[in-house]
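Subject: Structure handover

Hello,

Here is the structure I promised to pass on. Please open it alongside this email. My notes follow below.

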2 protein chains.
Amino acid sequence: MCVKCLIIAAGRGSRLQHKCDSKPLVPVLGKPIVERVIRSAVRAGIDDFYVVTGYNGAKVCKFLNTLAGQCRINITPITNEEWDKGNGLSVLKAKRYLNENFILMMGDHLVDSGLLNSLRRQQLPEGEVMLAVDRNMDNPLIDMTDATKVKIKDGKVVSIGKDLKTFNGFDTGIFLCSPQIFQGIAESVSKHGDSSLSGGLRCLGEKGKVNVFDIKGRFWIDVDDSVALKKAEKALLSDLRSKQNDGPISRYLNRPVSVRISRYLAKFPITPNQISFISFLLSIFAAGLFITGGYQALLTGGILAQFASIIDGCDGEIARLKFQESAFGGWFDAVLDRYADAFLLFGLTWHDYFKDGNPASLFVGFMAIIGSFMVSYTADKYDALMYSRLKSGIRIGRDVRVFLIFLGALLNQSFWTLLFIAVLMNTETVRRVYICRTDE
Amino acid sequence: MCVKCLIIAAGRGSRLQHKCDSKPLVPVLGKPIVERVIRSAVRAGIDDFYVVTGYNGAKVCKFLNTLAGQCRINITPITNEEWDKGNGLSVLKAKRYLNENFILMMGDHLVDSGLLNSLRRQQLPEGEVMLAVDRNMDNPLIDMTDATKVKIKDGKVVSIGKDLKTFNGFDTGIFLCSPQIFQGIAESVSKHGDSSLSGGLRCLGEKGKVNVFDIKGRFWIDVDDSVALKKAEKALLSDLRSKQNDGPISRYLNRPVSVRISRYLAKFPITPNQISFISFLLSIFAAGLFITGGYQALLTGGILAQFASIIDGCDGEIARLKFQESAFGGWFDAVLDRYADAFLLFGLTWHDYFKDGNPASLFVGFMAIIGSFMVSYTADKYDALMYSRLKSGIRIGRDVRVFLIFLGALLNQSFWTLLFIAVLMNTETVRRVYICRTDE
């Protein structure tokens, strides 16, 4: 299993130069492209990097140095003064560092870390290379005119180039290489005067040494110009919306809005934990409005609560977008959510009780609070015991709870809202106990 | 690593005959001795048993048959008609079943499953045996006159017998055997006319083939008469009191009482989950008394709540005593505890509010409920993140909470009790967040 990775980040990227004077540092949703590439590889288990820089190399090197410290990885910068010639030369510069199999990536191709993890575990025949190929001929993320095409026959790449007339795959720019790749490029330079990586592959391909790794629909994109940059950002954002354990309100109402907010927030140095805390404060404020009394305060509070619930999605989104996920962050968010839920329901109970002084409000409000809590409390162990069944069921979670509070405020029905939440949440808890028990 | 186990359960056990007409079936805290022996071995990873029965064998076999089904293990019964002669003959009856290394145990010796697990992983030299030896010469669980003594020299047993004048260890009746044990016993019978297991060991010992396994203070006891039976029950109960994550009130107040109750309850076919539910109902009833109002109801409720908290310890104790522990049981208990806590605090809040109609009671009561809940909610993830630190700290848990409610009821100070719980529990939650954060 290979643990080294060579990244080519030497080009000028003239088509993106208006964004940043160094292509590897062009920000995609607040993070430089090359940082995204490296962090994806880190996630896939790689910790030893060799990055070839060229145009504006000193600036890129300085950035990589900081990144290496942050990620606790090894990054060896390699300089290519001939960055304006074929990209095969950049690969050749790394020859003396790499005497074993390695992953080769382009510094401007974003890629799914699952794909990398799978590629680095492939068995590579001695002295050959393996190219990750996208066989989806309709992939909307590919710029058809600029993409490098490949022709595959019997699991081998038989021809490669931008101008192939017939082809059945796209070169993703991601490889698992043996050091033989260096001979391939050297041969291409000396025989054909072609210093491109594709030229080197062509030489190896003629000898049947270029194997195919089918990416099977996993994400990759070549961020070459502004259009591709927009596509890349859109793809990253839409990936956020597919969070598996979202409840129904979250999926169809909150998430589409929160993703748009996250896209905006990603530009600023705000942390996920700060976002969690802001959402919490908004909920407390909403609860305070409930306590104030009167329909207007109730309605404003309800809207604010729903807004806080939407913002509450942004912490996780920003964390995923900026590679800032942490065990503490998830836990902190959950703790604040429980407080926020309880305060909202307590505010609503107070509102209802002091409207007409019916003691039943206190009891129903209490049952709504305890029931909501129990649904969250049982979730952890319930998930572990019942994971497979849960997947197919509907999750009744925080998104539903806050939405019901919002609806109740809108309709000025605090008592019935509390009663409904109390019944729903406690029934769900009992149902979970029943299912876990019968499954034992 | 050996996976087979031979158990000798052929004797009459005349000194315990007043308890049961078959010694292996004499109940120890509600479970027959031989069942405890087998379940300890199952816990140590053994699943293939050979049990030699003799006196009243048909009854024992019937019991074993049922047990095999319950534990999903294999139990092969072996009959020894000569059960009134030396116990070596019982071992010999198993000869044709055991052609590989096996654990040999006595059907009336209770033993720690950790000890068994460690013994079965020992490297046994070809053709030898290994005896688990207790080198604690002051072990109060040993009947000095009746015990089999051993003399150890250079890690080997050099002499063995009940009447040794000088000795430095006790035979626990637990062995890791190669099939060579059968030759040893056969030799003892033919040479010395001695059909005891000790005789067989003596023959092997003379050839330097009996190795020593030091049990290092782990639990074992030979349940031979009423005195030993009482000692065994006491040892099992005192083991319950050493539950590691008990809070202070639990350890010093609740546990000593609950263990006594469990000792009594163990005789009946009541399940741990039933006990959890009874404790829950008692708490709900206590909360109802709080709501009734007046000092007398408050005091009765407080005492009842504390009593329910004590009973709440019995479910886990009975589960451990009767080998009925389950993931669902622990979870079910935790879920009911959260409901019980919330109801008690809600009852106290109601009591306080309707005494003088001060709205601050509602807020303080709410904070007590949410704080208590948060302490439980944060515990799981907190434990995982902070396990090592937690061990050295004091746990503020349910035992403390309910005891404070009891004290508050006794002193007729519902408001200050709620306030104290609210401050204590929410502070503890914030402290946990702080610790987890700085530890990141």
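One definition before the notes: two strands count as paired if DSSP finds at least two bridges between them. Keep in mind throughout that this is a predicted model.

Overall picture

Chain A has 440 residues, and 50% of them are buried. Its secondary structure amounts to 14 helices and 13 strands. Along the principal axes, the C-alpha atoms of chain A occupy a box of roughly 95 × 50 × 40 Å. Take the contacts in chain A with a separation of 6 or more: 76% of them link residues 24 or more positions apart.

Domains

Contact between them involves four residues of domain 1 of chain A and six residues of domain 2 of chain A. The domain 1 side of that contact has one nonpolar, one polar and two charged residues.

Start with E8(A), residues 129-134. How many of its six residues are buried? The count is six of six. Both faces of the strand are covered. Val129(A), Leu131(A) and Val133(A) are buried on one side. Met130(A), Ala132(A) and Asp134(A) are buried on the other.

E8(A) pairs with two strands that I want to point out. Strand E12 of chain A, residues 210-214, runs parallel to E8(A), with five bridges joining them. In that pair, Val129(A) sits opposite Val210(A). Strand E11 of chain A, residues 169-177, pairs with E8(A) in the antiparallel sense, over five bridges. There Val133(A) is opposite Asp171(A).

Strand E4 and its partners

Next, E4(A), residues 48-53. This strand is mostly covered, with five of its six residues buried. Strand E1 of chain A, residues 4-9, pairs with E4(A) in the parallel sense over six bridges. Ile8(A) stands opposite Val52(A) of E4(A). Strand E5 of chain A, residues 74-79, also runs parallel to E4(A), joined by six bridges. Asp48(A) has Asn74(A) in E5(A) as its bridge partner.

The connection deserves a look too. E4(A), helix H2 of chain A (residues 57-71) and E5(A) form a β-α-β unit, and the unit is right-handed.

How the chains meet

What relates chain A to chain B? A rotation of 180°, with 0.2 Å of shift along its axis, superposes chain A on chain B at an RMSD of 0.2 Å. The two copies are therefore related as by a two-fold rotation axis. Which residue of chain A comes closest to that axis? Tyr377(A) does, with its C-alpha at 3.1 Å.

At the interface, 26 residues of chain A are in contact with 26 residues of chain B. Three helices of chain A each supply at least two residues of the side that touches chain B: H11 (327-356), H12 (359-392) and H14 (414-439). The largest share, eleven residues, comes from H12(A). By class, the chain A side divides into 19 nonpolar, two polar and five charged residues. 100% of the interface residues of chain A are also interface residues in chain B, so the copies meet through the same surface.

Two backbone points to check

Phe323(A) has a positive phi, near 55°, and is a residue other than glycine. It is in the loop between H10 (295-321) and H11 of chain A. Is Phe323(A) buried or partly exposed? Phe323(A) has 16 C-beta neighbours inside 10 Å, so it counts as partly exposed. A residue needs 20 or more to be buried.

Leu29(B) is not a glycine either, yet its phi is positive at about 45°. Leu29(B) lies in the loop between strand E2 (27-28) and strand E3 (31-32) of chain B. With 19 other C-beta atoms within 10 Å, Leu29(B) is partly exposed.

Best wishes

How values were computed
Residues are numbered from 1 along each chain as its sequence is written. Chains are lettered from A and ligands numbered from 1 in the order in which they are written. This is a predicted model: local features need pLDDT of at least 70, side-chain atom pairs count only at pLDDT 80 or more; totals for chains, interfaces and linings use all residues. Two residues are in contact if their C-beta atoms, placed from the backbone, lie within 7 Å. Helices (H or I, at least four residues) and strands (E, at least two) are DSSP runs, numbered from the N terminus. Ala, Val, Leu, Ile, Met, Phe, Trp, Tyr, Cys and Pro count as nonpolar, Asp, Glu, Lys and Arg as charged, and the others, Gly among them, as polar. A residue is buried if 20 or more other C-beta atoms lie within 10 Å of its own, exposed if 12 or fewer, and partly exposed in between; C-beta atoms are placed from the backbone. Copies are superposed by least squares on the C-alpha atoms of residues with pLDDT of at least 70 in both. A crossover is right-handed if, with the strands pointing away from the viewer, the path from the first strand over the helix to the second runs clockwise.
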